[in-house]
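Please study the sequence and the structure shown below before reading further. The paragraphs that follow lead from one pair of side chains to the chain as a whole, and then to several single residues.

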Amino acid sequence: MEQGHGVSRPVTLERPVPLVDLELGHQVLADDLRAAFERVLASSSFVGGREVEHLEEVLAELVGAPHVVAVGSGTVALHLALFAAGVGPGDEVILPPNTFFATAEAVVAAGAMPVLADVDPYTALLDPEAVEAAVTPRTAAIAAVDLYGQPFDADRFRAIADRHGLFLLEDAAQALGGAWHERPAGSLGDAAGFSFYPGKNLGALGDGGAVTTADAGLARRVRLLRSHGEEPRGVHLVSGFCERLDELQAAFLTAKLPHFQVAQAERRRGVSRYRQRLAGVEEVDLVKTAEGARHAYHLLVARVPRRNAVLTHLHTAGVGASVHYPTPIHLQPACPHLGGKGTHPHAEALADSVLSLPLFPGITDALVDRCADALGTAIETTR
Ligand SMILES: Cc1ncc(COP(=O)(O)O)c(C=O)c1O
């Protein structure tokens with residue numbers, strides 16, 4: 001029987017192991033989610049109500065940020081945070097090449113120019129020295145990413161931002177539950193953006209996101225921007241967007257939050273098991289966690305040789321491994337102006353070698369063993 005979350009489901013070794021088992025998580029929460037739906041239906045308040053306010057209050061406590069503004073997605077959270085900070089046309093924003101495309105999109109949506117800086121090959125996180133080297137008189141902000149759920153070195157990035165007078169945006173889309181020296185992800189920059197995309201550690205039943213910040217003025221501007229710049233009703237102070245989180249998604253997220261710490265503990269348990277099983281497997285290196293970082297383990301990522309052949313082998317063995325991300329931002333068709341091949345060698349080497357292993361709350365030792373063993377076999381047979 002499978003462990004975790006108290007759910008019983010027969011394990012058949014034939015059943016493929018998904019990268020993320022959303023179905024398992026939602027079985028456990030189904031009654032709470034139905035109750036949340038019924039509550040919102042009964043209220044007939046679907047946009048801009050108490051559910052969103054309540055979620056914002058709970059998240060503020062969890063993240064240790066005085067202000068939380070729930071919005072339509074993680075991409076919008078990053079975009080509105082930059083926009084509200086006054087980052088726009090003529091400005092440059094430094095970000096890593098190995099992130100989900102949305103980090104760059106948010107910069108472009110704000111009207112600014114993305115500038116890429118290479119990453120540390122071991123942690124896969126933005127390299128502070130590469131960032132310093134990329135600063136120009138036009139640089140207005142750094143968008144540092146808590147990649148895979150690992151928070152960046154907030155002390156070093158704060159110092160760089162302060163030295164150059166830059167806005168520090170934390171892309172915490174993957175990092176709810178992480179921390180840097182006990183300071184929670186979401187509180188590490190001047191503002192942060194979270195994503196509640198369904199596969200995230202805290203996922204909605206649709207899209208969602210939030211901006212977190214200690215800056216009351218910035219929070220107020222994001223609040224205005226998410227809802228047509230309107231305050232009070234009928235008065236549009238600025239031209240904004242229609243990017244609110246709706247009441248249903250807020251209610252679903254609130255229903256999931258009491259289970260969040262247990263789910264995180266189950267992720268950590270899965271990771272420890274992987275570490276044990278992979279310790280003796282040659283040529284497999286888990287992406288390093290820096291001292292001082294508490295990893296949220298949105299993804300467990302290894303560097304492997306012959307990655308594409310290994311991935312094919314794993315899929316044949318029913319292991320739903322994946323790649324985050326196979327193409328760095330500067331090699332995407334949409335970004336021919338951001339540098340060609342060879343511009344950011346560490347990010348490019350990572351793109352060719354990273355492999356994300358199945359990991360989700362409720363993953364059993366048996367499933368981890370199966371995935372780890374399949375990885376060992378794949379490495380051997382592709383040698
Ligand atoms: C690092 C990173 N940034 C931004 C985003 C954008 O979030 P969303 O998909 O909610 O717009 C995501 C998630 O997909 C992400 O992983």
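Predicted model: local features only at pLDDT ≥ 70, side-chain atom pairs only at ≥ 80, totals over all residues.

With which residue does Asp373 form a salt bridge? The partner is Arg277, and the closest N and O atoms of the two residues are 2.9 Å apart.

The side chains of Asp369 and Arg273 meet in a salt bridge with an N to O distance of 2.6 Å. Asp369 is part of helix 12 (residues 365-381) and Arg273 is part of helix 9 (residues 260-278), so here too the parts tied together are 96 residues apart in sequence. Asp369 has a relative accessibility of 13% and so counts as buried, the limit for that class being under 20%. Arg273, with a relative accessible area of 21%, is partly exposed. Both pairs belong to a network of salt bridges that links Arg269, Arg273, Arg277, Asp365, Asp369 and Asp373.

The structure holds 21 salt bridges. Another of them brings together the side chains of Glu182 and Arg294, at 3.1 Å from N to O. This pair links distant parts of the chain, 112 residues apart: Glu182 is in the loop between strand 6 (179-180) and strand 7 (183-184), while Arg294 is in strand 11 (residues 293-294). Glu182 counts as exposed at 62% relative accessibility, and Arg294 counts as partly exposed at 34%.

The chain as a whole may now be considered. It contains 12 helices and 13 strands. For 383 residues, a compact globule would have a radius of gyration near 21 Å, and the chain agrees with this expectation because its own value is 21 Å. Along its principal axes, the C-alpha trace spans about 65 × 55 × 35 Å. Buried residues account for 54% of the 383 residues. Of the contacts between residues at least 6 apart in sequence, 68% join residues at least 24 apart. The accessible surface comes to about 15800 Å², and carbon and sulfur atoms contribute 55% of this area. The chain carries 32 positive and 46 negative charges, whose mean positions are 2 Å apart.

What surrounds a buried charge that has no salt bridge? Arg267, found in helix 9, is buried yet forms no salt bridge, and Glu266, the nearest side chain of opposite charge, is 8.5 Å away. Apart from neighbours within four places in sequence, Arg267 is in contact with Lys200, Asn201, Ala296, Tyr297, His298, Leu359, Phe360 and Pro361.

Helix 12 also contains Ala378. This residue counts as buried because its relative accessibility is 0%. Not counting residues up to four places away in sequence, Ala378 touches Val310, His313 and Leu314. Ala378 and His313 are 65 residues apart in sequence, but their C-alpha atoms are 5.7 Å apart in space. In helix 11 (residues 345-353), the buried residues are Ala347, Glu348, Leu350, Ala351 and Ser353. Their cover includes strand 12 (300-303), helix 10 (307-316) and strand 13 (354-357).

Some details of the backbone remain. Most residues other than glycine have a negative phi, and most peptide bonds are trans. Against that background, Tyr148 has a positive phi, near 65°. Tyr148 is in the loop between strand 4 (139-145) and helix 6 (154-164), and its relative accessible area of 3% makes it buried. His228, which is not a glycine either, has a positive phi of about 65°. The place of His228 is the loop between helix 7 and helix 8, where it counts as partly exposed at 32% relative accessibility.

The loop between helix 7 (216-226) and helix 8 (247-256) also holds Pro232. The peptide bond from Glu231 to Pro232 is cis, with omega near -10°. A cis peptide bond also joins His324 and Tyr325, with omega about 10°; Tyr325 lies in the loop between helix 10 and helix 11.

Definitions and conventions
Residues numbered from 1 in each chain as written. Heavy atoms only, no water. Helix = DSSP H or I, 4+ residues; strand = E, 2+ residues; numbered from the N terminus. Rg over C-alpha atoms; globule rule 2.2 N^0.38 Å. Buried < 20%, exposed > 50% of the residue type's maximum accessible area, 1.4 Å probe, protein only. Contact = heavy atoms within 4.5 Å. Areas by Shrake-Rupley, 256 points an atom, 1.4 Å probe, with all protein chains shown as cover. Lys, Arg positive; Asp, Glu negative; His and termini not counted. Charge placed at Lys NZ, Arg CZ, Asp CG, Glu CD. Salt bridge = Lys/Arg side-chain N within 4 Å of Asp/Glu carboxyl O.
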